[in-house]
Amino acid sequence: MAKRVHAVLIPAALVMVAPFAWQIVTSLKTLSEATQVPPSLLPSGRWQNYGRMFDLLPFGDQFLNTVLMAVGRTAGQVLLCSMAAYAFARLRFPFKNVIFGVFLSVLMVPPQLFVIPQYQIMADLGWLNSLQALIVPGLFSAFGVFLLRQFFMSLPKELEEAARLDGAGPVRVYWSIMLPLARPGLVALAVLVLLWSWNDLFWPLVVNTDPEKMTLSAGLASLQGQFQTDYPVLMAGSLLASLPVIAVFVFLQRQFIQGIAHTGIKG
């Protein structure tokens, strides 16, 4: 049975890794090698593409903008979504289920519909071409509330009841008891938000037009020309931009999988 499973998983893994391997090979090619038909499999080893990418883009500024945006959004969602999720999972208040249903209804609305109102708010606040315009609209998500609510509901109630018997209030129970127990769920949400924020393209393109205020995704998109695109340089930049999130996922993959698995235990 195990051999059959591996016979399926190994080819599937190769198929998933193939685009990443092709990205590495293309980043070492010349433009003529990258566009020739049939495509060449072996590059000429041009590491100059990485240097050209630094010449064409303010890579350091855009990398820092991307890191600050991703970390800010992740920290905000982990804190705010966990507070809302704990309230919906454990506290009692009027119309709790109705309010939670309204939260979930946001997931059925295409995010593109919020772009114009959010852009107008950023413009009225004078936040265009700023870091806060990248972070603030992504500080909260209905999906994060739903994910962590499922995790909080899977935790034993006895620990919470014991803490209340000792005189702990809702804030103390949330911060000292429930939040440490929800660490796998928090890590799962953090990884998802980090990946989403790092790859976000549409909103950074809309709100920040200054190259030094752009994120990496928007900066790399600007390398695509109307008539010609230097694919080796674009692949070199994309490879460098993807390495940090790959490292984060590899480091946290065990807790990420554990957190996702626990969210479906109890509805």
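Helices (H or I, at least four residues) and strands (E, at least two) are DSSP runs, numbered from the N terminus. The model shown is predicted, so local features need pLDDT of at least 70 and side-chain atom pairs count only at pLDDT 80 or more, while totals for chains, interfaces and linings use all residues. Residues are numbered from 1 along each chain as its sequence is written, and side-chain values use heavy atoms, with hydrogens and water left out.

**View 1. The loop between helix 4 and helix 5 holds F95.** Helix 5 covers residues 96-105. F95 has a positive phi of about 60°, although F95 is not a glycine. Most residues other than glycine have a negative phi, and most peptide bonds are trans. With a relative accessibility of 64%, F95 counts as exposed; exposed means over 50% relative accessible area, buried under 20%, and partly exposed in between (1.4 Å probe, protein chains only).

**View 2. N129 also has a positive phi, near 55°, in a residue other than glycine.** The loop that holds N129 runs between helix 6 and helix 7 (131-135). N129 is partly exposed, at 29% relative accessible area.

**View 3. A cis peptide bond joins V37 and P38.** Omega of this bond is about -5°. P38 belongs to the loop between helix 2 (31-35) and helix 3 (48-56). L41 lies in the loop between helix 2 and helix 3 as well, and L41 is exposed, with 63% relative accessible area. Not counting residues up to four places away in sequence, L41 touches W22 and V25; contact means heavy atoms within 4.5 Å. The C-alpha atoms of L41 and V25 are separated by 7.6 Å, and the two residues are 16 residues apart along the chain.

View 4. T26 counts as buried because its relative accessibility is 6%. T26 and Y231 are 205 residues apart along the chain, yet 7.5 Å separates their C-alpha atoms.

**View 5. The largest pocket holds about 870 Å³ of space.** On a 1 Å grid over the protein atoms alone, a pocket is an open set of points where a 1.4 Å probe fits, with protein on both sides within 12 Å along at least five of seven lines. Lining residues have an atom within 4 Å of a point. Grid points are joined across faces, edges and corners, and the volume is the space filled by probe spheres set on the points. Of the 27 residues that line the largest pocket, P111, F114, P137, F140 and W196 lie nearest its centre. Two or more lining residues come from each of helix 4 (59-90), helix 6 (115-125), helix 8 (142-154), helix 11 (183-199) and helix 12 (202-207). Helix 11 gives the most, with four residues.

View 6. The C-alpha trace spans about 70 × 60 × 30 Å along its principal axes. Buried residues make up 37% of the 267 residues. Among contacts between residues at least 6 apart in sequence, 76% join residues at least 24 apart.
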